[in-house]
Amino acid sequence: MNITVLDDYQNAVRKLDAFKLVANHNVTIWNDHTKDEDKLAERLKDTEALVLIRERTPIRAALIARLPKLKLISQRSVYPHVDVPALTERGILLCSDMHPGKPSYATAELTWGLVLAAMRKIPQEVAALKAGRWQSTMGLGLRGKTLGIYGYGRIGAVVAGYGKAFGMKVLIWGRDSTIERAKADGYFVARNKDAFFEECDVISLHMRLVDATRGIVKAVDLARMKPTALIVNTSRAPLIETGALEAALKAGRPGMAAVDVFESEPILGAAHPLIAMDNAVCTPHIGYVEQAGYESQFTSSFGQIVAYLEGKPVNVINPEVLQNARK
C-alpha cells in the first residue's frame, strides 16, 4: 500500500518502534510543511493511506477531489482540519483514535514547564548566563499563589494536580459541567469570570477550540489580571481574542504570557509578535511532541491502517463509507 505521512518535522517517524507496523509498505514521509493545494496534490497523487500528525495540514474538499487513489486517512484525536463530508462523498474512510479518558500528560507536563520557566524567568537567565552575565532578573515563586484552570477537562485536571502539589490554591472556571466535576474533586470555583481573572496569579487555558470557545478570553478579561500574573496557553491560540494578548502584554496586564500555540502554524522566521516580546515565553507547539506520546500516536495511526487492510477498520469516524468505500 502507498502510505504518506505529512509534517514529520523532526524526521522522527521512521525511528519509532511503531513504524514496524507499516515498514513493509511503500511509505513516503515529508519533513517540511506546505498548505499549497497544488504541492499537496502532487505529493499525494499516488497515496492510498494518508497519515496526519494532529491538525498540522488541513485536508479540504478541493484537495480531496484531486486525490483519486486515496482510500483512508488515519490519525489521532480531533479532526476539525479534515472535511469529513467531502471524504464521505468520495468513499474515503477517516479513522481517528479519540483516546477517551486518556489525558495528554505530555501537554500537561509542558504546561507546567512553561509556568516554571515564565515565573522564574528561566529562558532569560539562560540567555544572560550564555552572554556572560550573572543573575539578571528577579523571578516569582509559586507556593501560596493562586493557579486558575480555565476548562477543567482531562488535561486541566492534571495541571490542577500539579498546582496543588506545588502548594498553590487552585481556582476553576469553565462550563457548568466542568465546574461540577471540579467541585467533586475538591477544588474551589471562582465566584464569576471577572473574579477568576482578577484573583489568579497564573491562568492556564485548557479548552477545545469550537465555535463556543473561539475568542472566549477577551481583552477586557486580560486587563483584569494582575501586573505580576501569567497566562499560559497550550491549547489553541484562537481561544484568546485576536491581537488581545499582544496588546495586553504591552499594557502590562498580565505581566507575562507563555504560549505553545499560534493562530497559523508553523511559525517560521520568528514571524509572530509574541516571539519578540521579553515578557512572553514561546515554544513551537510541542505539547504532545515527546517520545512516548509519538509511539502511542503512531501505534494508533499505523494500527488503523493495518486493521483497514485486514478488512476490520477501527475508530471509523464516517462509518457510512463502509458500504461504498473505494476499492
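This is a predicted model: local features need pLDDT of at least 70, side-chain atom pairs count only at pLDDT 80 or more; totals for chains, interfaces and linings use all residues.
**Strands.** I started with β1 and strand β3 (residues 49-51), which pair in the parallel sense over three bridges.

Next I checked what else β1 pairs with. Strand β1 (residues 2-5) also runs parallel to strand β2 (residues 26-29), and I have four bridges down for that pairing. Looking up Ile 3, I found its bridge partner in β2 to be Val 27.

**Cavities.** I got two cavities of 30 Å³ or more.

The largest cavity comes out at about 110 Å³. I noted 15 residues lining the largest cavity, and closest to its centre are Ala 237, Ile 240, Leu 245, Glu 263 and Leu 274. Which element gives the largest share of this lining? Helix α10 (residues 244-251) does, with three residues. Sorting the lining by class, I wrote down eight nonpolar, four polar and three charged residues.

The second largest cavity holds about 40 Å³ of space. I listed its lining as Ala 118, Lys 121, Gln 124, Met 256, Ala 257, Asn 279, Ala 280 and Val 281. Two strands turn up here: β11 (256-259) and β12 (280-282) each supply at least two lining residues. My class tally for the second largest cavity reads five nonpolar, two polar and one charged.

How values were computed:
Residues are numbered from 1 along each chain as its sequence is written. Side-chain values use heavy atoms; hydrogens and water are left out. On a 1 Å grid over the protein atoms alone, a cavity is a set of points where a 1.4 Å probe fits but cannot get out, and a pocket is an open set with protein on both sides within 12 Å along at least five of seven lines; lining residues have an atom within 4 Å of a point. Grid points are joined across faces, edges and corners, and a volume is the space filled by probe spheres set on the points. Ala, Val, Leu, Ile, Met, Phe, Trp, Tyr, Cys and Pro count as nonpolar, Asp, Glu, Lys and Arg as charged, and the others, Gly among them, as polar. Two strands pair if DSSP finds at least two bridges between them.
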